[in-house]
Amino acid sequence: MFSTSPRLRAVLLAAASAGLVAAAVPAPEPLGIGDPLFPHLGNPGYDVLAYDIAFTYTGDNRKPLEAVTKIDARATDRLERVNLDFAHGTVRSVTVDGRPADFAGTGEDLVVEPGRPVEAGARLGIAVTHTSDPTAAGAKGGWVRTSDGLAMANQADAAHRVFPCNDHPADKAHFTFRVTAPKDLVAVANGRAVARTLDGPTATWTYRGAHPMATELAQVSVGRSAVVRRTGPHGLPLRDVVPAADRGLMEPWLAKTPGHLRWMEGKVGRYPFETYGLLIADATTGFELETQTLSLFERELFTRSDLPGRYVESIMVHELAHHWFGNSVTPRAWSDLWINEGHATWYEALYAEETGHASLERRMRDAYTASDRWRAEGGPPAAPRPPAPDDKTSLFRPVVYDGSALVLYALRQEIGAAAFGELQRRWVTDHAHATAGTADFVRLASDVGGRDLTGFLHGWLHDRKTPPMPGHPDWRSEAPRSAKPA
């Protein structure tokens, strides 16, 4: 963990000896933007415009990477200190606008004190020289060690375990990654390749995204990889990254992506980014992840003999659908998670139905049967219970997947398939490359549906019990299991 910079430490000690810490030099403290599910994530007072992050990887995924994170931001308030989310790394130095700045660690925040206050509206450039540790004790999420290197899985609150940032999806920014590694390895990241330069035994790859991105969607991977390229709809460049030894084995799966893209575009419109592809990592994560332009998948998903091909394809479509719902249109708060996971699950299930593999209505009826139990266990879709303190991925419960897709099914039943389809297309167009929340969705649904749907959707999104399903008065939801006596 990082320590306090020498000058700030001296100031704090001097103030403490004079009994003036509370009155003169308030101790650095962790802040947050008040997200009900992750109260200490994000920081007030500034808006990040861009990150430029350089990692140096030695080839040993048990050793910390040397890193420099540069942040271009605009102050929205007058700031005497700037809090960044950061944990599990050693901070060596910090500068603000090119001048050395003092810093201190508190909780999972890095608190930076510029030489002079930053006025509201002013631009500021922060550069942090630090390490990034793939083996940090207690770290859950962030770097994932693979059999041949590293990948990244930052959802929901783990980007700050890799690099200093404003780690909340409400503050999207442009990203550039510069990765230096042994030249016999391959480094990839979000966006498109800008450059590759050689310097003796190492190479440096530079990648830049064309659109803003939430920190939870960042991806950097290094390993003995093959990069497989093809062309998608409208000439879209596709880039898949797989273990080099698995290139032939994975090709039948990779070849399905252009068809998945055409199917999704037929539902909601043009793919919103500059490239797409699969990153197949030889690692055990327990999940797949829609990292922007390069979705992360476990190798095992494609090699297990007990998984039907139709199931694997539905998961591929799920992560692709997130690039409209979650990546381009990003949740404003973590309680808006139901929008992106509900839609990704919806298109996963719809694809299965339209390819003749599974009934959407049957899946929704099964979800309805379980819905009251899911709500009792995890809260309603738009007001989920906080995750367990030691397992933030426990936020991703059934109620935010099939339980939220059920909300969309009910809405389609209520306003009709044509209006529902228009709503989906309007949602991803009106809020493209921005953030939006539940209230925005309700307003747009009411506009498209031609009447106020606030009351209808409130029950589906916020009530403890599942409302009656339009068009299916016979559907019943099982009562939650009674709590066992203590």
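1. Strand β18 supplies the largest share of the lining of the largest cavity, three residues. The strands β10 (149-153), β17 (237-243) and β18 (278-281) each give at least two residues to that lining. Strands here are DSSP runs of E with at least two residues, helices are runs of H or I with at least four, and both are numbered from the N terminus.

2. Please keep in mind that this is a predicted model, in which local features need pLDDT of at least 70 and side-chain atom pairs count only at pLDDT 80 or more, while totals for chains, interfaces and linings use all residues. Residues are numbered from 1 along each chain as its sequence is written, and side-chain values use heavy atoms, with hydrogens and water left out.

3. How much space does the largest cavity hold? Its volume is about 70 Å³. A cavity is a set of points, on a 1 Å grid over the protein atoms alone, where a 1.4 Å probe fits but cannot get out, and lining residues have an atom within 4 Å of a point. Grid points are joined across faces, edges and corners, and the volume is the space filled by probe spheres set on the points. Among the residues lining the largest cavity are Thr-146, Asp-148, Ser-221, Val-242, Pro-243 and Asp-282. By class, this lining has seven nonpolar, three polar and two charged residues. Nonpolar covers Ala, Val, Leu, Ile, Met, Phe, Trp, Tyr, Cys and Pro; charged covers Asp, Glu, Lys and Arg; the others, Gly among them, are polar.

4. Searching the whole structure gives three cavities of 30 Å³ or more.

5. Now for the protein as a whole, which has 11 helices and 21 strands. Its radius of gyration is 23 Å, close to the 23 Å that the globule rule gives for 486 residues, so the protein is as compact as a globular protein of that length. That radius is taken over C-alpha atoms, and the rule is 2.2 Å times the number of residues to the power 0.38. Along the principal axes, the C-alpha atoms fill a box of roughly 75 × 55 × 50 Å.

6. Of the 486 residues, 56% count as buried; buried means under 20% relative accessible area, exposed over 50%, and partly exposed in between (1.4 Å probe, protein chains only). Leu-320, in helix α5 (residues 309-321), is buried at a relative accessible area of 1%. Leaving aside neighbours within four places in sequence, Leu-320 is in contact (heavy atoms within 4.5 Å) with His-260, Leu-261, Met-264, Tyr-271 and Tyr-276.

7. A few backbone spots deserve a look. Gln-155 and Ala-156 are joined by a cis peptide bond, with omega about 5 degrees, and Ala-156 sits in the loop between β10 and β11 (174-182).

8. Is His-88 buried or exposed? At 19% relative accessibility, His-88 counts as buried. Its phi is near 65 degrees, a positive value in a residue other than glycine, and His-88 belongs to the loop between β3 (82-85) and β4 (91-96). His-234 also has a positive phi, near 60 degrees, but His-234 is exposed, with a relative accessible area of 53%. Its place is the loop between β16 (225-231) and β17.

Note on methods:
1 Å grid on protein atoms, 1.4 Å probe; cavity = no way out; pocket = protein on both sides within 12 Å on 5 of 7 lines; lining within 4 Å.
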